[in-house]
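These are my notebook entries on one structure.

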Amino acid sequence: MNRVVLFFPDHHDVRRAGRFQDRQILPLGTLAIATPLTAAGFEVEIVDQRVHEDWPARLRNSLAQHPIYLGVSSMTGVQIKGGLEAS
């Protein structure tokens with residue numbers, strides 16, 4: 001099966017601010033890409049740096065399975081740092 005890995009970088013200190021204890025903020029842009037890929041038969045994995053504290057290991061494990069594509073979401077600003085770190 002064709003695998004795609006999508007990476008969502010941390011864009012501010014939500015984990016450290018404790019905001020994730022109250023609610024989840026979904027990576028809507030990443031999900032908007034994942035939905036049609038899944039519908040087209042791709043196996044999609046999302047690694048979210050904001051909530052996966054073990055994201056480097058998750059990303060390495062995902063890449064070891066030889067996906068056909070790694071997508072890194074990023075906006076200008078702080079999120080670029082996480083995107084570059086993953087890349």
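I looked up F7 and found a relative accessibility of 1%, so F7 counts as buried. Buried means under 20% relative accessible area, exposed over 50%, and partly exposed in between, with a 1.4 Å probe and protein chains only. The model is predicted: local features need pLDDT of at least 70, side-chain atom pairs count only at pLDDT 80 or more, and totals for chains, interfaces and linings use all residues. Residues are numbered from 1 along each chain as its sequence is written, and side-chain values use heavy atoms, with hydrogens and water left out.

I searched the whole structure and got one aromatic pair. F7 and W55 form this pair, which is tilted, with 5.3 Å centre to centre and 50° between the planes. Rings of Phe, Tyr and Trp (its six-membered ring) pair if their centres lie within 6.5 Å; planes under 30 degrees apart count as stacked, over 60 as edge-to-face and the rest as tilted. F7 lies in strand β1 (residues 3-8) and W55 in helix α3 (residues 55-64), so the pair ties together parts 48 residues apart in sequence. Helices (H or I, at least four residues) and strands (E, at least two) are DSSP runs, numbered from the N terminus. W55 is also buried, at a relative accessible area of 10%.

I checked β1 and found six of its six residues buried, so the strand is largely enclosed by the rest of the structure. R3, V5 and F7 are buried on one side, and V4, L6 and F8 on the other. β1 pairs with strand β2 (residues 43-48) in the parallel sense over six bridges, and F7 stands opposite V47 there. Four bridges join β1 to strand β3 (residues 69-72), also parallel; the partner of F7 in β3 is V72. Two strands pair if DSSP finds at least two bridges between them.

Which residues of α3 are buried? I found W55, L59 and S62. They cover an arc of only 65° around the axis, which puts them on the same side of α3. The arc is that of the directions from the helix axis to the C-beta atoms. R60 and A64 are exposed on the other side of α3. Just after α3, H66 takes a positive phi of about 55°.

I looked up L26 in the loop between α1 (14-17) and α2 (28-39). L26 counts as exposed because its relative accessibility is 53%.
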